[in-house]
Amino acid sequence: MLIRIPRGWEIPDRDATAEALVFGRRAALKAAAGLGAGSIALPAFAQDAPPARNPRYLAGREITAEKDATTYNNYYEFGTDKGIHRAAQKLPQRPWTVKVDGLVDNPRGFDIEELLKTMPMEERVYRLRCVEAWSMVVPWTGFPIAALLKAVGPKSEAKYVRFETAALPAAMPGLRQSWYPWPYIEACTVDEAANDLSFLVTGAYGKPLPPQNGGPVRFHQPWKYGFKAGKSLVRISLVAQRPKTFWEAIQASEYGFWANVNPEVSHPRWSQASERVLGSGERIPTQLFNGYGEFVAGLYTNLQKERLWA
Ligand SMILES: Nc1nc2c(c(=O)[nH]1)N[C@H]1C(S)=C(S)[C@@H](COP(=O)(O)O)O[C@H]1N2
Ligand SMILES: [Mo]
């Protein structure tokens with residue numbers, strides 16, 4: 001069976017074209033068009049188009065309303081309830097540098113503007129499944145973290161990627177809750193990071209990523225529970241030992257390192273068999289690896305002794 005998958009720019013439902021986007025269009029269009037760095041200048045109209053949607057990953061579900069995805073958030077640095085979006089506007093988005101260091105050949109800082117200009121930007125419509133059993137579908141803009149890792153050259157001893165997120169006491173009232181092990185740390189293996197699905201997110205709904213969703217740059221691996229997706233990243237380190245993550249430090253028995261979505265493995269306090277769709281409130285069955293098994297199951301074939309699920 002031959003199915004023609006439309007290119008991102010052919011998909012009619014995108015409504016973001018008119019947005020005055022401030023990020024990465026040129027790089028994205030060049031990447032999408034397969035043009036090299038030294039190619040001729042693009043016509044002016046092309047520079048105003050948003051990054052093309054990657055047709056390889058389709059959510060198969062309706063996109064969550066922007067209002068819902070940007071006003072129902074987990075971001076404990078601003079408080080433990082879901083309504084932190086106003087408080088999060090205090091987080092300065094510029095200047096912003098992501099330090100990339102540890103076991104790499106060329107450790108250095110990347111200014112956010114440099115990332116937006118030089119990384120291969122695209123749009124990905126991904127499902128996000130929170131361990132609390134709600135989910136959403138968001139058109140993120142960003143680039144595979146593999147592109148950033150390539151720029152610094154991980155050494156062969158590097159086995160894990162450690163993500164450190166912003167901790168700015170002047171902007172983040174949640175940091176006063178000193179019993180939490182700030183800063184929020186997350187991590188994955190280098191092999192997991194090398195998977196094309198592992199995405200650094202710099203935008204949503206065709207706009208710069210709002211602070212409450214982790215702007216200016218956050219991580220997302222859509223086959224894992226949402227708490228793995230560190231927001232507002234300030235440092236990415238390649239390390240040899242498995243880092244202790246924020247949620248492991250709080251309650252390792254409930255929030256493990258791997259945290260792959262599995263409907264058959266319950267959280268100690270609730271079932272993971274189904275999820276509440278943000279917006280509609282409908283309950284739908286949860287899928288193994290959040291439905292991304294065809295892309296990621298192979299990462300785990302030799303890791304069956306690990307506690308792979310939450
Ligand atoms: N720094 C930081 N990152 C974080 C969190 C957090 O509290 N602090 N919450 C996580 C959780 S539990 C989820 S489900 C997602 C939610 O992302 P969203 O608000 O964009 O939906 O962010 C994750 N990243
Ligand atoms: Mo979550």
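Where does ligand 1 sit? In this predicted model, ligand 1 sits in the largest pocket, a molecule being placed in a pocket or cavity if more than half of its atoms lie within 2 Å of its grid points. Local features need pLDDT of at least 70 and side-chain atom pairs count only at pLDDT 80 or more, whereas totals for chains, interfaces and linings use all residues. Residues are numbered from 1 along each chain as its sequence is written, chains are lettered from A and ligands numbered from 1 in the order in which they are written, and side-chain values use heavy atoms, with hydrogens and water left out.

The largest pocket holds about 410 Å³ of space. Its lining comprises 24 residues, of which Asn 74, Tyr 75, Tyr 184, Gly 226 and Phe 227 are the closest to its centre. A pocket is an open set of points on a 1 Å grid over the protein atoms alone, with protein on both sides within 12 Å along at least five of seven lines; lining residues have an atom within 4 Å of a point. Grid points are joined across faces, edges and corners, and the volume is the space filled by probe spheres set on the points. By class, the pocket lining divides into 14 nonpolar, 6 polar and 4 charged residues. Here Ala, Val, Leu, Ile, Met, Phe, Trp, Tyr, Cys and Pro count as nonpolar, Asp, Glu, Lys and Arg as charged, and the others, Gly among them, as polar.

Around ligand 1 there are 18 residues, and Tyr 76, Glu 77, Asn 213, Ala 229 and Lys 231 come nearest; a residue belongs to this shell if one of its heavy atoms lies within 4 Å of the ligand. The shell has 8 nonpolar, 7 polar and 3 charged residues. A nitrogen atom of ligand 1 is 2.6 Å from a polar backbone atom of Ala 229, and a nitrogen atom of the ligand is 3.2 Å from an N or O atom in the side chain of Thr 165. An oxygen atom of ligand 1 lies 3.0 Å from a polar side-chain atom of Arg 218. On its own, ligand 1 has 530 Å² of accessible area (Shrake-Rupley method, 1.4 Å probe), and the protein covers 98% of that area.

The structure also holds 1 cavity of 30 Å³ or more, a cavity being a set of points where a 1.4 Å probe fits but cannot get out. The lining of the largest cavity has 8 nonpolar residues and no polar or charged ones, among them Phe 143, Leu 148 and Ile 236.

Two cis peptide bonds are described here. One joins Arg 94 and Pro 95, with omega about -15°; the other runs from Gly 215 to Pro 216, with omega near 5°. Ser 232, although not a glycine, has a positive phi of about 45°.

Methods. Polar contact = N/O pair within 3.5 Å; in protein donor to acceptor, adjacent residues only side chain to side chain.
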